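I opened my notebook on this one and jotted down what I looked up, step by step.

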Number of protein chains: 2
Amino acid sequence: MTSDPKRPLTLRDVSEASGVSEMTVSRVLRNKGDVSAATRQKVQDAAKRLGYVPNKIAGALASSRVNLVAVIIPSLGNMVFPEVLAGISEVLEDTDLQPVVGVTDYLPEKEEKVLFEMLSWRPSGVIIAGLEHSEASRAMLRQAGIPVVEIMDTDGEPIDTCVGISHRRAGRKMAEEIIAAGYQKIGFMGTKMPLDHRARKRFEGFTRTLAKAGIEIADQEFYSGGSALAKGREMTAKMISRSPDLDFLYYSNDMIGAGGLLYLLEQGVAIPDQIGIAAFNGVELLDGLPRQLATMDACRREIGVKAAQIIVARNLGLASEDATTVTLSPKLSPGETLRRG
Amino acid sequence: MTSDPKRPLTLRDVSEASGVSEMTVSRVLRNKGDVSAATRQKVQDAAKRLGYVPNKIAGALASSRVNLVAVIIPSLGNMVFPEVLAGISEVLEDTDLQPVVGVTDYLPEKEEKVLFEMLSWRPSGVIIAGLEHSEASRAMLRQAGIPVVEIMDTDGEPIDTCVGISHRRAGRKMAEEIIAAGYQKIGFMGTKMPLDHRARKRFEGFTRTLAKAGIEIADQEFYSGGSALAKGREMTAKMISRSPDLDFLYYSNDMIGAGGLLYLLEQGVAIPDQIGIAAFNGVELLDGLPRQLATMDACRREIGVKAAQIIVARNLGLASEDATTVTLSPKLSPGETLRRG
DNA sequence: GTGAAAGCGCTAACAT
DNA sequence: ATGTTAGCGCTTTCAC
C-alpha cells in the first residue's frame, strides 16, 4: 500500500524512498548540478516507481520562474487563430516554455479578465492579438515586467513589441488590384463586428483607396453569427438581386467568399468576367473549391513563429530595444476570380 | 515613482500602501471573512491604484487550491475540438474554474508529456479526449486524486468518468441507413490515422454492419495532411474512375465529404440517385453547401457541457460513484444526399 | 473585525 | 558530489 492515495506525493516521499536528500532529488529531477550516476539512478527509480509528479506551483514560487507564455486571442472558431497557435507551439516546443491560451470572444472586458487571470500566474511572456486594449489592460501589460508581443496587426503603437501585417495596407493593395483589373461597381460584404479592428482597418484601407480613384462602394452588407459559408451565400444572393449591375464583390473573409463563389457559380455567373470576387486570409480550405478564390495571405503561421521567437529571445536576455514593430507582407493571390481574361 | 518597476507587487505593498495588515488585505481581495466597509474601501483603492495583480502561485501553494481544469485534446485544427471547448467554457464561466488546453497531435507520447506537465500544476480536474492512453498516462490520471472525464468516445472502460457517443454504433447506424436506402456498392474514404481511434471505431461499426447484410466495402481510400476539402475532391475523382460502379460514398469526416460532393456535382453526377453520399460530424460549414450533406451529429458542444458539469459537481463534493459513463445519442441527418427519390 | 505566526513544497545559496 | 538553511508570497489557524 502506498499510503493515503488522496495526498499527492512530494519530493520528501521520493527522498525517503530513495534514501537521498530532498535537495539531491530535486537536482536529479531537474538535471541541475552534478549528481553521481548511481544516485541519479536511485532517485529516478524511486520517482518512477512512486509515480511522482513534481509540484510546479511550489517550484515556481521558490524559483520565481514560470515556463508559461500567455497567448490571448479572440476566438478559436476562426481557424485563423489555431494557425497562429501552431506557429507559436512549433517554436516553443524546442524550448522549455509552454503556451497557455486564453480566449476573449472579441470583448474588451473579457480580454481584461483573461489577462488579469493569466498574469496572476506570472507567465514568462504574453502574446496578445491586436493593438486595441482597454486602458486597464495596457496598464497591466506595462506593469507586468515581462515581454509582451502584440500580434496580427501593425497599424498602431505597440506597448512593447508587435508582429503582424498592416490591414489598412492589405485593404489598399486589394483595392489597387481590383481597380487595375478594370472593375468599377464594387460591393462589399463583411462581419458586423465593431470590435474586430482588423476587419475594420482592411475596410478602411479598401474604401479610401477606391475613393482616391473616384470609386465609391456601390453596395454593402454585414452579417453576424451563423455558418459563414451560408451567410456568404445569402448575402451574395441578396446583394446581386438588389444591385444587379455590380461587377466585383469583396468579402472580408474567405469563408463568406467561398459561399458567394459557390452561389454565383450555381447561378451561372461568369467569373471573373461578369463578376470578379476576392476575399481575405488564404485559408487552406480554399484549395478544394471549384475555382481558386482571389485572396490575401495573412501570414498567420509566420506571425506565430516570429512572436514566439521574440519571447524566447527575451527570456534568454537577448535583443530588447531594437525593432519594436515587425511588419510582414501579405501576398495577394489573384487565383482565378480577379483578373479578367 | 512606484519604485522598481521590475519587481511585481506583493500583498505587502498593498498592505503598506493602505495601512492595513496583509491578512486583511488578503481577505478583502478574496471577499473572504468579515471586513468593515471602510477598510475594504481603503484596500481596494490601494490595490487598484498600484495595479496589484495577486500571485496565484503563492495563493495556490498556501491553500492547495488551483482553479484550473486541464483539457487535453488531439488538435485545434479539427473544428470538432473548439466546439467541445466552447461547451466546456460555457459551463466553467459560471464557476471559478478555468479551462487550460493542451494539444497532443494524436500522439500518445505527446499526450503523456502534456498530461504530466498539466498535472504538475495540480489542476482541479482533467477532461481528456478518448479512452486510449498509454499505461503511464492512465497511472498518472488514477494517481492524481482529481476528477477525470474522458470524452468523445464511450466504447471502452473509463478510468473514472466518461462522456461521449459510441462511434461503433454511429458507424453501424449509418450503415443501416445506407442499406435501407437500397445502396449496394459502397466506397469508403477517410484519414490515414492509425491513432484516431474514434474514426477507426466508426469504420469498424460500419463495415461490420455491412458484412452482416452480406455487403463488403467495394473500394476504399485514405489520406493524410493537406486541405481536407481538396483531398475529398481528389480521392473521390480517383475512386470514381477506378470503381465506376459505386453507388454510395461514405466519408469519415464532413470536410472530405464536402469536397467529394462539390466534385460529383461538377461532374454532373445525380445525387443521391446515381450516387449517394454521407459523412460524419455535422459541422456548421455544411449549411452553405449546394446540397445538404447526409451526416451524423457528434454532439460536440453537449459533450463539453456535460463533462464540465461533472467536474464542477465533483469539485463541490457532489455525486461521484453513480453513472460513470454518459452515452449521448448522435442524430443522423439524411440531408439531401442519402435517401433516393 | 483584525492581526501574528506557521507553514504550503519546492529551490537558491551556501556549506561541507 | 551531497546536505543544510532560508525563504518565495500567500492562506490557514488561532489569538485578540
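**Cavities**

I ran the cavity search and got one cavity of 30 Å³ or more. The model is a predicted one, so I label everything below as computed. I then looked up the volume of the largest cavity and noted about 50 Å³ of space. Next I asked: which residues line the largest cavity? From chain A I wrote down Leu229(A), Ala258(A), Leu285(A) and Leu289(A). Chain B brings Leu229(B), Ala258(B), Leu262(B), Leu285(B) and Leu289(B) to the lining.

**Helix H5 of chain A**

I checked the length of H5(A), residues 80-92. Its 13 residues, at 1.5 Å a residue, should span 18 Å, and I find the end C-alpha atoms 19 Å apart, which agrees.

Then I went through burial. I have Val80(A), Phe81(A), Pro82(A), Val84(A) and Leu85(A) down as buried, along with Gly87(A), Ile88(A), Val91(A) and Leu92(A). What do the buried residues of H5(A) pack against? I listed strands E1 (68-73), E2 (98-103), E3 (125-129) and E4 (148-153) of chain A, plus helices H9 (197-212) and H12 (300-315) of that chain.

**Rings**

One aromatic cluster I wrote down is formed by Phe188(A), Phe203(A), Phe206(A), Phe222(A) and Tyr250(A).

I also looked for charges over rings. Arg202(A) lies over the face of Phe280(A), 3.9 Å from the ring centre.

How values were computed:
Residues are numbered from 1 along each chain as its sequence is written. Chains are lettered from A and ligands numbered from 1 in the order in which they are written. This is a predicted model: local features need pLDDT of at least 70, side-chain atom pairs count only at pLDDT 80 or more; totals for chains, interfaces and linings use all residues. Side-chain values use heavy atoms; hydrogens and water are left out. Rings of Phe, Tyr and Trp (its six-membered ring) pair if their centres lie within 6.5 Å; planes under 30 degrees apart count as stacked, over 60 as edge-to-face and the rest as tilted. A charge sits over a ring if NZ of Lys or CZ of Arg is within 6 Å of the ring centre and within 35 degrees of the ring normal. Helices (H or I, at least four residues) and strands (E, at least two) are DSSP runs, numbered from the N terminus. The expected span of a helix is 1.5 Å times one less than its number of residues. Buried means under 20% relative accessible area, exposed over 50%, partly exposed in between (1.4 Å probe, protein chains only). Contact means heavy atoms within 4.5 Å. On a 1 Å grid over the protein atoms alone, a cavity is a set of points where a 1.4 Å probe fits but cannot get out, and a pocket is an open set with protein on both sides within 12 Å along at least five of seven lines; lining residues have an atom within 4 Å of a point. Grid points are joined across faces, edges and corners, and a volume is the space filled by probe spheres set on the points.
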